[in-house]
Amino acid sequence: MTAQLLDGKLISEEIISAVRTRVDARVADGHRAPALAVVLVGDDPASAVYVRNKKKACERAGFRSISHELPSSLTEAELLALVERLNHDPEVDGILVQLPLPKQIDQERVIEAIDPRKDVDGFHPYNFGRLALRMPLLRPCTPYGVMVMLEKTGVDLVGKDAVVIGASNIVGRPAGLELLQARSTVTICHSRTVALADKVRAADVVVAGVGIPNFVKGDWIKPGAIVIDVGINRLPDGKLCGDVEFETARQRAGWITPVPGGVGPMTIAMLMQNTFDASVNLNP
C-alpha cells in the first residue's frame with residue numbers, strides 16, 4: 001500500500017479562492033474588504049517568512065493587510081497599547097500577533113488582550129472555551145486546517161480511534177477537541193507517553209505535532225490509517241522534515257500529508273477564512 005497524499009497547497013488555494021469570491025461579492029454589495037493587522041516583534045527569520053506568506057495570502061483573498069513590524073526591544077506595555085488601539089479600530093477585522101515574542105513580553109497576557117471577536121488565530125481563552133463547549137466561533141487555525149484535510153479524505157470520522165501526539169495550546173489540545181466534536185474517540189499523547197507506539201498502532205487517525213524530527217516511526221502506523229503531520233523541523237543538512245518518518249509511513253498509511261506542503265499552507269488558508277468570518281460578524 002502506498003498512501004494517497006493530502007496536498008495542502010492545492011486545498012489551501014481552493015479555500016482562499018472561495019474566500020476571494022465571497023469577498024468580491026460583499027465588496028460589490030457595498031461592504032469594505034476585510035482587513036487583517038499583523039504584528040511582528042523582532043527579527044526572527046522564521047517569523048518573518050510566516051508573516052510574508054500571510055501578507056501574500058491576504059492579497060490573494062482580496063484583504064487589506066496592515067503591517068506593524070516592531071523592534072525586539074519593544075516593551076510589553078507598548079505592545080499591549082498597540083493591541084488595544086487595534087481592538088478599537090473599526091477598520092481592522094482581525095489581529096494576529098506573530099509568535100514567539102521576545103522574552104520580556106508575557107505571551108499569554110498579549111493573547112488575552114486581543115478582542116476575541118478579532119482573534120483570528122483562535123488562541124484567546126474565549127475562543128478556546130467555545131471550541132471546548134462545541135460552540136466554535138474563531139477556531140485555532142492549524143487544527144481547523146487539519147479537520148478540513150480530514151474531510152477531504154471522505155473518511156467518516158465518527159467512532160474512529162484518533163491519536164494526537166503533542167499537547168500544545170496551538171495544535172494538540174485544540175486538535176483533540178476538534179476530533180471529539182467530529183465524534184472520534186480521542187487519545188492525546190506526548191513525548192513522555194508510556195507505550196506510545198502501541199497507541200499509535202491502534203489509531204485510525206494520527207495527528208503528530210510534537211516538534212521532534214521523525215519522532216513517529218513509520219512502522220507504528222496502522223495499515224490504512226490517516227496520518228496528519230503538523231511538525232516542520234529543519235535538519236542539520238538544511239532539509240525540512242516532519243514529526244513522522246514519511247517514507248516508511250507512506251507505505252502503510254491510507255492518506256498522509258507531506259512536509260513541507262501539507263498542513264503549513266492550510267494554517268494560512270484557515271487564517272484567511274477566520275478573518276473573513278470575523279469581518280462578517282463585525283460588519284453584518
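I began with D119, which sits in the loop between α4 (107-113) and α5 (125-132); helices (H or I, at least four residues) and strands (E, at least two) are DSSP runs, numbered from the N terminus. This is a predicted model, where local features need pLDDT of at least 70, side-chain atom pairs count only at pLDDT 80 or more, and totals for chains, interfaces and linings use all residues. Residues are numbered from 1 along each chain as its sequence is written, and side-chain values use heavy atoms, with hydrogens and water left out.

Next I turned to the backbone. I noted a cis peptide bond between L99 and P100, with omega about 5°; P100 lies in the loop between β4 and α4. I found another cis bond from V259 to P260, omega near -5°, and P260 belongs to the loop between β11 (255-256) and α10.

I also looked up phi of R134, which is near 65°, a positive value in a residue other than glycine. R134 is in the loop between α5 and α6. For N214, phi is near 55°, again positive in a non-glycine residue, and its loop runs between β7 (205-208) and β8 (226-229).
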